[in-house]
Amino acid sequence: MAVASCASISASSLGLPQQAAMPESKASLPKQMFYAKTPVSSGLKQRFVNDIKEITVLGVLNASNTGTASEGRLKEILIIGVLLNTRTVPVDALEHIAKLRPSGILFVCVNIHEGVEECALAVRRARPGRVGHVQQNTVYVGEWRPASETRLALHGDTIEQIWESLNAQAILGSSESEDLDARIARRENIAELRALDAKLTKDHARAKNPTQRNEIYAKLHKARTQLASLESEE
């Protein structure tokens, strides 16, 4: 049986069980199915038309082919390859696809950049939030890496646990899923503080008024202290 692939990426190359691989004859998902009969904005349609070359279901993970217990609400995980015409991942298009199915979807984005085939993993997940606030979902995209080095590890005793581990691999580059939301929140806080550090450093260099310079420096010192504390936990 010929199995599905997205450029050189397949269930086998990702290290998934052979039983999870999707047959090539059933794998292709025409781009038009995601916008032809569903009302979408012109911008979103252009993401599908211009940024995405093809969409392929590489495999389906379930209790049977992963040897895990059939527990929890999540029953399967789709592994979908998305061959791109750009190195910028169209997160709005991926979110649109993910919202159409109740199953978990791990996107393996593929791009050939300067003759090198690269992959970036992406998932749609609820953002870590505070109690009492409305839950918001977002698409997280991992770093680009050589296709030849892209592998998935299946850790967990249920499909839900495997899903959490795959989320950790996509977002943080680690298969360890313990305290995942807290680790994601910490990573986001670090990124925000680094951006603030850069901004305040420039503001301090430009400021002429001594009082203003002191105020900016106090903010900069506070941001750097918080950043150092968070980075020590990484």
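Gln169 touches Leu121, Arg145, Arg151, Leu152, Ala153, Ser174 and Ser175, leaving aside residues up to four places away in sequence. This is a predicted model, in which Gln169 is found in helix H4, residues 159-172. The protein chain has six helices and eight strands, and of its 234 residues 43% count as buried.

- Gln169 counts as buried because its relative accessibility is 8%, and buried here means under 20%.
- A polar atom of the Gln169 side chain lies 2.7 Å from the backbone oxygen of Ala153, and Ala153 is also among the residues that Gln169 touches.

**Overall layout of the chain**

- Read from the N terminus on, the elements follow the order β-β-α-β-α-β-α-β-β-β-β-α-α-α.
- Taken along the principal axes, the C-alpha atoms fill a box of roughly 75 × 40 × 40 Å.
- Among contacts with a separation of 6 or more in the protein chain, 61% come from residues 24 or more positions apart.

**Nonpolar cores**

- The largest nonpolar core holds 58 residues, of which Phe48, Ile77, Ile79, Ile80 and Phe107 touch the most other members.
- Helix H4 gives the most to this core, contributing eight residues.
- Another core, of five residues, lies apart from the largest one and has Ile190, Ala223, Leu227 and Leu230 among its members.
- In soluble globular proteins, nonpolar side chains tend to be buried together.
- Not counting residues up to four places away in sequence, Ile79 touches Leu14, Leu16, Thr56, Val57, Leu58, Gly59, Leu61, Leu106, Val108 and Leu152.

**Leu61 in strand E3**

- Leu61, which is found in strand E3, is buried because its relative accessible area is 0%.
- Beyond residues up to four places away in sequence, Leu61 touches Leu16, Pro17, Ala20, Thr66, Lys75, Glu76, Ile77, Ile79, Leu154, Ile159, Ile162 and Leu166.
- Although Leu61 and Ile159 are 98 residues apart along the chain, their C-alpha atoms are separated by 7.7 Å.

- In helix H3, which spans residues 91-99, the buried residues are Ala93, Leu94, His96, Ile97 and Ala98.
- The cover over these buried residues of H3 includes helix H1 (42-51) together with strands E3 (52-62), E4 (76-84), E5 (104-113), E6 (116-126) and E7 (137-141).
- H1 and H3 pack with their axes 9 Å apart and at an angle of about 95°, which makes H1 roughly perpendicular to H3.
- The contact is made by Leu44, Arg47 and Phe48 on the H1 side and by Asp92, Ala93, His96 and Ile97 on the H3 side.
- Phe48, one of the H1 residues in this contact, is also among the members of the largest nonpolar core that touch the most other members.

**Helices H5 and H6**

- Helix H5 (residues 180-206) packs against helix H6 (residues 210-231) at an angle of about 155°, with the two axes 9 Å apart, and the pair is therefore roughly antiparallel.
- The crossing in which H5 passes H6 is left-handed.
- On the H5 side, the residues that meet H6 include Arg186, Asn189, Ile190, Leu193, Arg194, Leu196, Asp197 and Leu200, while those of H6 that meet H5 include Arg213, Ile216, Tyr217, Lys219, Leu220, Ala223, Leu227 and Leu230.

Terms used: Residues are numbered from 1 along each chain as its sequence is written. This is a predicted model: local features need pLDDT of at least 70, side-chain atom pairs count only at pLDDT 80 or more; totals for chains, interfaces and linings use all residues. Side-chain values use heavy atoms; hydrogens and water are left out. Buried means under 20% relative accessible area, exposed over 50%, partly exposed in between (1.4 Å probe, protein chains only). Helices (H or I, at least four residues) and strands (E, at least two) are DSSP runs, numbered from the N terminus. Contact means heavy atoms within 4.5 Å. A polar contact is a pair of N or O atoms within 3.5 Å; within protein, one must be able to donate a hydrogen and the other to accept it, and residues adjacent in sequence count only if both atoms are side-chain atoms. A nonpolar core is a set of buried Ala, Val, Leu, Ile, Met, Phe, Trp, Tyr and Cys residues joined through side-chain atoms within 4.5 Å. Axes are lines fitted to C-alpha atoms, for helices over the stretch in contact, and angles run from 0 to 180 degrees between N-to-C directions. Angles under 35 degrees count as roughly parallel, over 145 as roughly antiparallel, 65 to 115 as roughly perpendicular and the rest as oblique. A crossing is left-handed if the near helix is turned anticlockwise from the far one by less than a right angle, and right-handed if clockwise.
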